[in-house]
Amino acid sequence: MKKEWVLSLGVTVLTALVGLGLIWLFAPQLIGSDRDLQLVQVGKEVPPFFDNVFRKQDYDSLEFIIQDPYVKRAKPLYKEYFEKGPHDILGFRNRAIPNIADIITIGDSQTYGNNAVLMGNWPSQMQATLRKWRPIVYNMSVGGWGAAEYLEIFSKALLFQPEVIVVAFYSGNDPLETFQQAYGNKHYALLKMDQTLKSSDIPRVVTPAPKTECWQVQFKDGVSTIFTPKLRHSSNQQHPAVKAGYAGMAEAGRMMGEMAHNKHVKLVFTIIPTKELVYAKKVERDGITPTADYQQLVADEHDNIRWLADKLKKVTEAIYVDVVIPLQEASKYATPLYSENINGHPQEKGYRIIAHTLAVGVQTLLSTALEGLVVFRQSEKQDQIVLVRDGKTWFVPSVDMLRRNGWSLQNIPLTDERKIRQLPRGGVMDRVDAARFGPR
């Protein structure tokens with residue numbers, strides 16, 4: 001009888017453990033675990049290069065976000081479906097991968113552009129705003145990333161030889177995601193800013209927020225939305241893990257600043273706020289009595305953003321662009337910036353405010369678009385003159401051909417070869433045609 005009792009107990013315990021394991025793997029939200037916060041161990045095997053780039057299991061996967069040891073990534077070559085996709089072969093939301101990019105944008109789903117089509121996310125709208133400079137913008141952002149992933153991908157972004165890199169933190173969940181990686185993944189231990197803490201100190205987060213924690217608000221101008229203040233406060237509360245997360249974000253910013261400085265790349269930081277903080281001024285203006293959770297979130301998030309912004313402003317040669325105030329001002333009008341549901345991502349009009357605000361700061365860092373004759377250094381002993389016309393380059397075979405087309409050889413500006421390499425080739429200045437090849 002005793003043996004049967006022990007056997008029955010063992011089977012029951014084993015069944016429970018297997019069941020919890022399956023729930024944790026496939027439906028972690030049921031036990032209060034966010035799938036974005038899962039960790040994957042590093043494998044020692046080195047797969048064949050092309051087999052790894054064109055992994056069949058990636059394309060066949062039903063998961064939108066694919067877990068990797070260091071940097072979770074979005075499904076590669078994902079097709080364009082409304083507010084998601086398209087993805088390039090690396091899993092980033094772009095139609096193509098350039099060899100050289102003028103501007104790299106790094107962030108999470110707020111920069112990926114959840115809740116908007118590709119051309120409606122803020123990197124695409126910023127590119128359109130900066131069309132005078134004809135910049136190539138490459139967006140390296142994935143939902144669920146935090147400062148650890150931003151730092152990891154930053155070194156890869158430098159390989160595109162950008163003039164400017166824009167890093168957009170998100171106060172809604174970056175602090176806890178940064179803490180989770182720093183304290184749970186040895187690769188990111190350099191972001192552990194409080195050695196007294198351990199990974200288990202992270203506060204429990206239930207997502208999506210249950211209905212009992214949602215607050216529906218109707219403004220006087222007809223705009224309405226649903227806030228989830230308790231969920232967003234989890235990454236802004238007065239908690240040691242949150243403070244350590246924000247400190248890790250500041251440290252990641254400092255390290256990115258060093259890398260950018262060493263590579264002569266200009267760096268722009270911003271912090272995208274929660275929907276709740278964006279609408280805080282409107283809630284106050286309309287005389288709406290906020291819930292206690294909402295009040296506490298707005299107060300703590302405001303302080304946290306101010307603290308982090310002050311740290312980022314001190315990063316060598318980086319600039320900080322505030323998007324909080326422009327978003328709060330835009331929210332006062334009748335045009336909704338966010339959906340009416342609990343979705344915390346801006347709609348296209350909300351992303352437009354971020355794009356236009358950042359464009360003002362970025363445009364001061366971009367070199368003007370090339371036009372006319374320029375010279376670049378091919379080697380220590382050889383320079384090459386090219387004609388840039390309407391965004392295309394024309395090879396100049398001889399000085400005589402230049403003169404015959406009406407050009408003077410005085411004061412031809414020297415340019416960086418990267419600016420030439422990124423432009424499509426028009427052809428060769430192979431004949432006298434002043435209308436086509438002459439000065440304008």
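Trainee: In β8, which residue is the bridge partner of I165?

Mentor: This is a predicted model, where local features need pLDDT of at least 70, side-chain atom pairs count only at pLDDT 80 or more, and totals for chains, interfaces and linings use all residues. Residues are numbered from 1 along each chain as its sequence is written, and side-chain values use heavy atoms, without hydrogens and water. Strands are DSSP runs of E with at least two residues, and helices are runs of H or I with at least four, both numbered from the N terminus. In strand β8, I165 has as its bridge partner L267.

Trainee: Over how many bridges do β5 and β8 pair?

Mentor: Two strands pair if DSSP finds at least two bridges between them. Strand β8 covers residues 266-272 and runs in the parallel sense with β5. The number of bridges is 7.

Trainee: Which residue stands opposite V166 of β5?

Mentor: Look at strand β3, residues 103-107, which pairs with β5 in the parallel sense over 4 bridges. Opposite V166 stands T105.

Trainee: Why is β5 largely enclosed by the rest of the structure?

Mentor: Buried means under 20% relative accessible area, exposed over 50%, and partly exposed in between, with a 1.4 Å probe and protein chains only. In a regular strand, side chains alternate between the two faces of the sheet. Here V164, V166, A168 and Y170 are buried on one side, and I165, V167 and F169 on the other. Strand β5 (residues 164-170) is largely enclosed because its buried residues number 7 of the 7.

Trainee: What percentage of the chain's residues count as buried?

Mentor: The chain has 17 helices and 13 strands. Of its 440 residues, the buried share is 50%.
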